[in-house]
Amino acid sequence: MEMTYIDTPADLTMPIGEAMFTQRAIRRLRHDKPIDDADLKTILDAASKAPNGGNTQPARFLVIRDRDAIQAFGKLYHEAWWAKRRDDYGWKGKADIPEGSVYAMPALLADEMVDAPAVVLAFTVGRLDDASSVFPAVQNLLLAARALGIGSVLTTLHADVMDRVYEMFDVPADAGFHCCIPLGYPRGNFGPTRRLPTSETTSWNKWGAPPPWK
Ligand SMILES: Cc1cc2nc3c(=O)[nH]c(=O)nc-3n(C[C@H](O)[C@H](O)[C@H](O)COP(=O)(O)O)c2cc1C
């Protein structure tokens, strides 16, 4: 395999702290403002720079740009999203989603995936389950998109649709699917995310012992 060095993309100038601390799940994507292929290249170049086991680089990305293909994939995404809610909660439709549920926005994304400006599917080759060598790349991808002002959200699919997804895009059986990331400029804003304080999630020297900032 030929390996190349890539210069840092000139447009990735947002301070890393700002990108990390404002990157969040953007599910409401603008359908009227396309993304440039050049920006997608920058995003994928950033993904390629992530750590991976033994630098074996098993991550592979399928970028869906064709409108008809996104439409067809979006329908499968919708089916997959509801199949997961059926499995987890027995929900059959929007009327079953409780008022104020965190699932309201994901349900909207399930409706709107058909209109996403671009969708990236993340795979690994070799070991199908090699998630630990693809998710660092996915995180780089999310951060690079944020730095370019492009919204994204990490999503998954469901076993019910996987055969059809593989068939739709001629994905070989020796590629393992990991996640699906729609991309588009946001309707709404990037912004701060709510997370547990690190004083609660960090142990110091021994499990359960507090860090100095607790
Ligand atoms: C493994 C994984 C699976 C996810 N699946 C979905 C999904 O199916 N649909 C969705 O809308 N968001 C999905 N998300 C996004 C999470 O809901 C989101 O990262 C989390 O709620 C934090 O959102 P925030 O960064 O905006 O605070 C997933 C995230 C991860 C890491």
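A word on the ground rules. This is a predicted model, in which local features need pLDDT of at least 70 and side-chain atom pairs count only at pLDDT 80 or more, while totals for chains, interfaces and linings use all residues. Residues are numbered from 1 along each chain as its sequence is written.

**Overall build**

The protein has 7 helices and 4 strands, where helices (H or I, at least four residues) and strands (E, at least two) are DSSP runs numbered from the N terminus. In chain order the elements read α-α-β-α-α-β-α-β-α-β-α. The radius of gyration is 18 Å, close to the 17 Å that the globule rule gives for 214 residues, so the protein is as compact as a globular protein of that length. That radius is taken over C-alpha atoms, and the rule is 2.2 Å times the number of residues to the power 0.38. Along the principal axes, the C-alpha atoms fill a box of roughly 50 × 50 × 35 Å.

Two residues are in contact if their C-beta atoms, placed from the backbone, lie within 7 Å. Among contacts between residues at least 6 apart in sequence, 84% join residues at least 24 apart.

**The sheet**

The 4 strands form an open sheet in the order β1-β2-β4-β3, with antiparallel pairing. Its edge strands are β1 (59–64) and β3, each pairing on one side only. Two strands pair if DSSP finds at least two bridges between them. Strand β2 (residues 118–125) is joined to β4 (residues 175–184) by 8 bridges, and β3 (residues 151–152) pairs with β4 over 2 bridges. Some bridge partners in β4 are set out here.

| Residue | Partner in β4 |
|---|---|
| Val119 | Pro182 |
| Gly151 | Gly184 |

**The core**

Buried residues make up 25% of the 214 residues; a residue is buried if 20 or more other C-beta atoms lie within 10 Å of its own, exposed if 12 or fewer, and partly exposed in between, with C-beta atoms placed from the backbone. A nonpolar core is a set of buried Ala, Val, Leu, Ile, Met, Phe, Trp, Tyr and Cys residues joined through C-beta atoms within 7 Å. In the largest one, with 40 residues, Tyr77 and Leu141 touch the most other members. The elements giving it two or more residues are α2 (37–48), α3 (67–89), α4 (104–112), β2, α5 (135–147) and β4. Helix α5 supplies the largest share, 8 residues. Leaving aside neighbours within four places in sequence, Tyr77 is in contact with Ala110, Met113, Leu157 and Cys180.

**Two backbone details**

Gln57, in the loop between α2 and β1, has a positive phi of about 50° although it is not a glycine. Gln57 is partly exposed, with 17 other C-beta atoms within 10 Å. Asn205 lies in the segment after α7 (198–201), and its phi is near 70°, a positive value in a residue other than glycine. Asn205 is exposed, with 6 other C-beta atoms within 10 Å.
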